[in-house]
Amino acid sequence: MAEVKFTDQHEWLLIDGDVAKVGITDYAQEQLGDVVFVELPQPGTEFNQGDEAAVVESVKAAAEVYAPVTGEIVEANNGLEDDPAVINSDAQGEGWFFTIKMSDAGELETLMDEAGYKDFIAGLD
Amino acid sequence: MRYLPLTDADRQAMLAEIGVAAIEDLYKDVPADALLDAPVDLPSHKGEWEVERIIGDLAAKNLGASSVPSFIGAGNYRHHIPASADHLIQRSEFLTSYTPYQPEVSQGTLQALFEFQTQVSLITGMEVANASLYDGATACAEAAMMACRVTKRSKMILSGGLHPHYIDVTATNAKYLDLNVINAGVDPNRDEPAHLAGLVDEETACVIIQNPDLFGRVRDLSALADACHEAGALLVVIVNEIVSLGALKSPGEMGADIVAAEGQSLGNGLSFGGPHLGLLATKEKFLRQMPGRLAGETTDVDGKRGWVLTLSTREQHIRREKATSNICTNSGLCALAFSIHLALLGETGFTKLARLNNANAVLLADKLDAISGVEVINDTFFNEFTVRLSKPAEPVIETLAANRILGGVPLSRFYPKNDAVTDLCLVTATELTREEDMDALSSALSEALA
Amino acid sequence: MSGTFTGNQGLRIEEPLIFELDSPGQSAVDLPEPPAVENRLGAAERTEPIGLPGLTEPEVVRHYLRISQKNYAIDAGLYPLGSCTMKHNPRLNEKMARHAGLADLHPLQPQSTVQGALELMDFCAEWLTTLTGMPGIALSPAAGAHGELCGLMTIRAALEDRGDARERVLVPESAHGTNPASAHMCGYKVESIPADDRGRVDVAAMIDRLDDKVAAIMITNPNTCGLFENYIVRIADAVHDAGGFVYCDGANFNAIVGRVRPGDLGIDSMHLNLHKTFSTPHGGGGPGSGPVVLSEALAPFAPVPYVVRDGDGFRLVEHIGDSDNKPYGRMKGFHGQFGVFVRALSYMLSMGSDGLRQASSDAVLNANYLKSRLEDLLSVSFDGPCMHEVLFDDRFLKDTDVTTLDFAKAMIDEGFHPMTMYFPLVVHGALLMEPTETESKAALDQYADMVRSLAERAKAGEAEMFKEAPKLTPRRRLDETSAARNPVLRWADRSEGS
């Protein structure tokens, strides 16, 4: 059963074995507005937890997307480059950014579950 | 005072409405000992004619280049600006408007910028251009840093044939960043493109070369472009006499990746060196690393075509320390003047103007070369060339100036300690150079070198 | 919607791009035939056409007139853009800048032939240093952001001169984006300092961050919330004690010119915006000029070129090796924005010391008057008097479904350019209004009445009107999303057969 986790930088992870699929949350896409551009990492690149891995731009803002766990990029969702609007319409589905092979699954313990994230964003406004 | 509409009665009424007794109450946050209780020690206000007299007196102490035979170029060029250009830029709606942040009330500025961007792309042979930078030298620096961002490398190779101010500004901008600036050194005798091609390696972000170069030489840069691309480096081409693009192959055609240029020659007078106009043009694939503002086409809610500032996420007001540059205010009105002038010239006018500049320079070069003690060292040139004199050039130029002829720029003005260039002088002709001016320069030079 | 055949609406005329008006072969400039000589262009001669359109003078003049009519401008009405100082641009400035003997000077003429120009630069410098109470100045930066970079570079040069470059620059959250961008370009890491609940820099937080790795603080004073940083001297002292320098963003100098000298506050370098405080025109986005005034400690590091007195005359120092000081380098080609200096000097001479002092007072008075006329309906962000600009936030629009953006667009239909929106970032949905001193009381009252009426309409539930605004402009709201997703940055010939 795939596990879902969230970060306080508004990223979600869908975990399948030792690979996590990563995107930004629906809350994040709403804050950003219409997404116009994404810059995705190259497969094979290694990141530490917290490193800047991708950039997402809307008309009025730009935001870094951080690697939520340490690991190596497996795949990037290149379709987003042609159709960034998917991030707005389906942020937590087709709008995924990249998949990353985790080197330390223990890092997941530091992240929030769905309920925890809901509380987190409720506290923000 | 003529610019202050409030009357004392207004001020009293307003203070009362605010609920304070005096203006000083509104300055209560200023530390008491820092709040001045009297005007600063400078003259008090003056009417228009007094101001005109003071400034007129300062102007009278100068020798204006439009009033005497003038052959000075070296990065700023004296050209004819059509009367309607200067008239149009003084329209209130252009002169006193601001950056087009609210596009619904700025379509004039935005349409003009879109036209400007198109013109710059066309003459440079590049895919996209921005809405202006401060000047050619800072555009050169921005292009260098852009190349480093694009290639993720830090070594930039600067041709010695670059305008020395451009070299200095680029080096200054790179000074506190982790970048490696290689100055290939000034050498008027060297095959510069071949020399630079030999310096390019896998660590090079860019090679920056000027065409025509400091000495006025014109080259085909295609081979250098190939050498750069083979090593994964970018070719940055600098143009500081923009009229040359009417007669030369465009940098884009020659394989340039980025073009940084000075646009002053069109629409903008000399004005003692500023304000001028930086141009930046590049390939679409580098667009997101491009500094400066961009006007883009779109439609409004009624489906009508219009323009907006776009891709602002590259810029400082959104990206802050991660911006492509810190630039905010640029050279809007100078860009408009350029655009209007080029619109007035059109294809036939621009190309003819360029041919006229080159032809006048050829006539002048032949005339000067015939003088004993003067040798034109260029095989190729556009409207500016270098002469070698039989004496140090700077005192000769001073003598000419005392005789009300502005003869050119001695290279020692840029390189005061370089003995190899002491006898060299840059000389320019434009469409404004008349035969009698050329004759005046000829006789004055002959006399000075006798 | 327009209902006319042409799409024009009375005096408002639709105008295509110049490329769509092309008459191949036409030109608006009559040029003589070039003499028949062999060109000297070598292998680089152009062989391909460029693709520029041809037009004649009547067509060009008409084109630019028509598009100019689609711009708002200071000459048209109050332009309340906060921190931009949209004051009247005197026409005398334009006349002076075009004066023969100034406009037609080449920067590389022998210095003996341009003594008047060098004297003018020195004169301009004298006014600026006297007004700011600072001993040194760098005239060459081309605009405010350029001045910020210059000011920071003098700081870094001074620090490196004593062998201690340091690593970080402290920048308030409320700072203009150019501040951290400039610090970054100087090789420094940027650390953000929060604002306190009074809208000023949180002094305790700032002092807490001070250590021997902080090169400088960049402070805007008056700040971007329109407030005077009343702890500035304490801040400056703390930074100096830690061995750092104080850079001041002088964009808001209009509030205090002639009343306060930054040199008296402990500031080390500060840029001035001649195109803000000193009335030179904004021109749709420049040119500006951003000279930087410098303290005793920093003055030696000012970049080349600069003007010095030389016997009875003046000399331009152009080379680092020629200098008695330690210039860190060169900021731009040639000598600075000379045409802008002429305009600024023309203004300073016209206003005089007394006029400038009155101008800043009137600017502050006007902003506070707007505040008092609007504070019952709009939400003022911070208590107490403001300086030359007043900051509101969008709390007053809560539950109306009208955003700051919508409010701004409705102002457009009322014939006004909106205030600055969404800046500074320290409040939500910021509305920053700066009327300047060149607005009459009647103009202020009309503006205030208009804002009041819009606020009342928003609170009365007329959200739809705001969402549809503007309706009366040549173009209504434009699609910025597709402009960014599919950038079209130049005209391309999309006609049949092209």
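View 1. Chain B is divided into domain 1 (83–341) and domain 2 (346–449), with bounds taken from an automatic or database domain assignment. The model is predicted: local features need pLDDT of at least 70 and side-chain atom pairs count only at pLDDT 80 or more, whereas totals for chains, interfaces and linings use all residues. Residues are numbered from 1 along each chain as its sequence is written, and chains are lettered from A and ligands numbered from 1 in the order in which they are written. The centres of the two domains, taken over C-alpha atoms, are separated by 28 Å. Domain 1 of chain B contributes 14 residues to the contact and domain 2 of chain B contributes 20 residues (two residues are in contact if their C-beta atoms, placed from the backbone, lie within 7 Å). On the side of domain 1 of chain B that touches domain 2 of chain B, there are 9 nonpolar, 3 polar and 2 charged residues (Ala, Val, Leu, Ile, Met, Phe, Trp, Tyr, Cys and Pro count as nonpolar, Asp, Glu, Lys and Arg as charged, and the others, Gly among them, as polar).

**View 2. Packing of helix 11 against helix 13 in chain B.** Helix 11 (residues 332–369) and helix 13 (residues 435–449) of chain B pack at an angle of about 20°, their axes being 10 Å apart. Helices (H or I, at least four residues) and strands (E, at least two) are DSSP runs, numbered from the N terminus. Axes are lines fitted to C-alpha atoms, for helices over the stretch in contact, and angles run from 0 to 180 degrees between N-to-C directions. Leu363(B), Leu364(B), Lys367(B) and Leu368(B) in helix 11 of chain B meet Met438(B), Ser442(B) and Leu445(B) in helix 13 of chain B. The residues of this contact comprise 5 nonpolar, 1 polar and 1 charged.

**View 3. The side of chain B that touches chain C.** The contact draws 170 residues from chain B and 174 residues from chain C. Helix 11 of chain B supplies the largest share of the chain B side, 22 residues. By class, that side has 84 nonpolar, 50 polar and 36 charged residues.

**View 4. Helix 11 of chain B against helix 1 of chain C.** Helix 11 of chain B and helix 1 (residues 57–68) of chain C pack at about 150°, with axes 9 Å apart. Ile340(B), Ala343(B) and Leu344(B) in helix 11 of chain B meet Glu57(C), Val60(C) and Tyr64(C) in helix 1 of chain C. This contact divides into 5 nonpolar, no polar and 1 charged residues.
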